[in-house]
Amino acid sequence: MNSYCIFIKFRSIYYMKKYSEDESFIRKSEKMNWKEIRLNTELLLKLSKNDLKSKYAGSVFGIIWSFIQPLVTIGVFYFVFQVGFKNPPVENIEFVLWISPAYLAWIYFQESLITSSGSLFEYSYLVKKIKFNTYLIPIVKVFSSTYIHFFFILFTFILNILYGHMPQWIWLQIFYYAFCLFFISIGLALFCSAVTVFFKDFSQIISVLLQLGFWATPIFWSAENMSPIILKILKINPLYYIIQGYRDTFITGIPFWHRTSTTLYFWCFTIAALLLGSFVYRKLRVHFADVL
């Protein structure tokens, strides 16, 4: 096991260093080149796979831990609320089916933000390499979380089928909302990773904000039970759109194009987050090597 762990660690470092010499990633300018990143999606996939493996390289079960914790939490929700407290169906559906898509979407967002905020410290040896495109580092963390999330999307499909809900075309809409979650995560990951380098306490602030955000997002509560005034305030949270969208996909069957106003607001917020994240990252990255 120790030899395997060492192998995974060195392979991860090898890929990072190998591609840091690639001419396509030389810092030709201080601007973020989205086209450059898009054309090297294969590289991002390889780096993110190795990042995911190296994260659990020192444990017995390895990458399985990424799946165990959320599954155990869902199991606890089931036995405590559905079996123990005999929670009545929420929005005319079993509690475990109601809570699962919302909770798993939140876990993806939370994991992406927390891991990316400390990514520049983890890969500080690459930040100091002049030729490596450091924009990739926080994005790699989001990609790593995406692999796990796709597994849980499949898990949600299977869970609904086991409860007798046959697949419908509207279920494919989940990939649109996962796409939304992916892009807002990248924008916030760029911002958080850059700021954390200069203000280490920012990672703790992120954890606190995520705790508050968990309860400000419709994960454990239904929009039907909220007063209209409070609901309008809570809809300012962009994650409201995604969590509600995950439930629309498996529960209410509402297509995303029927939520025109919230869709427009979400994408305006996401584009603003991407622009702000890119701007802050570009301004601060010239000082990364001096601080790390």
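1. Leaving aside its neighbours within four places in sequence, L234 is in contact with A216, W221, M226 and Y240. The model is a predicted one, and in it L234 belongs to helix α11, which covers residues 228-234. Although T217 stands 17 residues from L234 along the chain, the C-alpha atoms of these two residues are separated by 7.3 Å. L234 counts as buried because its relative accessibility is 16%, and the cut-off for that word is under 20%.

2. Helix α12, which covers residues 238-252, has 15 residues, and from its first C-alpha to its last it reaches 20 Å, close to the 21 Å expected at 1.5 Å a residue. Of these 15 residues, 14 are buried, so α12 is largely enclosed by the rest of the structure.

3. The two ends of α12 deserve a separate look. At its start, a side-chain oxygen of N237 comes to within 2.9 Å of the backbone nitrogen of L239, while just after the helix G253 takes a positive phi of about 75°.

4. On the surface, a nonpolar patch is formed by F198, F199, I205, V208, L209, L212 and V291, which together have about 620 Å² of accessible area. Helix α10, residues 202-216, gives the largest share of this patch, with four residues.

Notes
Residues numbered from 1 in each chain as written. Predicted model: local features only at pLDDT ≥ 70, side-chain atom pairs only at ≥ 80, totals over all residues. Heavy atoms only, no water. Buried < 20%, exposed > 50% of the residue type's maximum accessible area, 1.4 Å probe, protein only. Contact = heavy atoms within 4.5 Å. Expected span 1.5 Å × (residues − 1). Polar contact = N/O pair within 3.5 Å; in protein donor to acceptor, adjacent residues only side chain to side chain. Patch = residues over 30% accessible without salt bridge, like charges linked within 9 Å, V, L, I, M, F, W, Y side chains within 5 Å. Areas by Shrake-Rupley, 256 points an atom, 1.4 Å probe, with all protein chains shown as cover. Salt bridge = Lys/Arg side-chain N within 4 Å of Asp/Glu carboxyl O.
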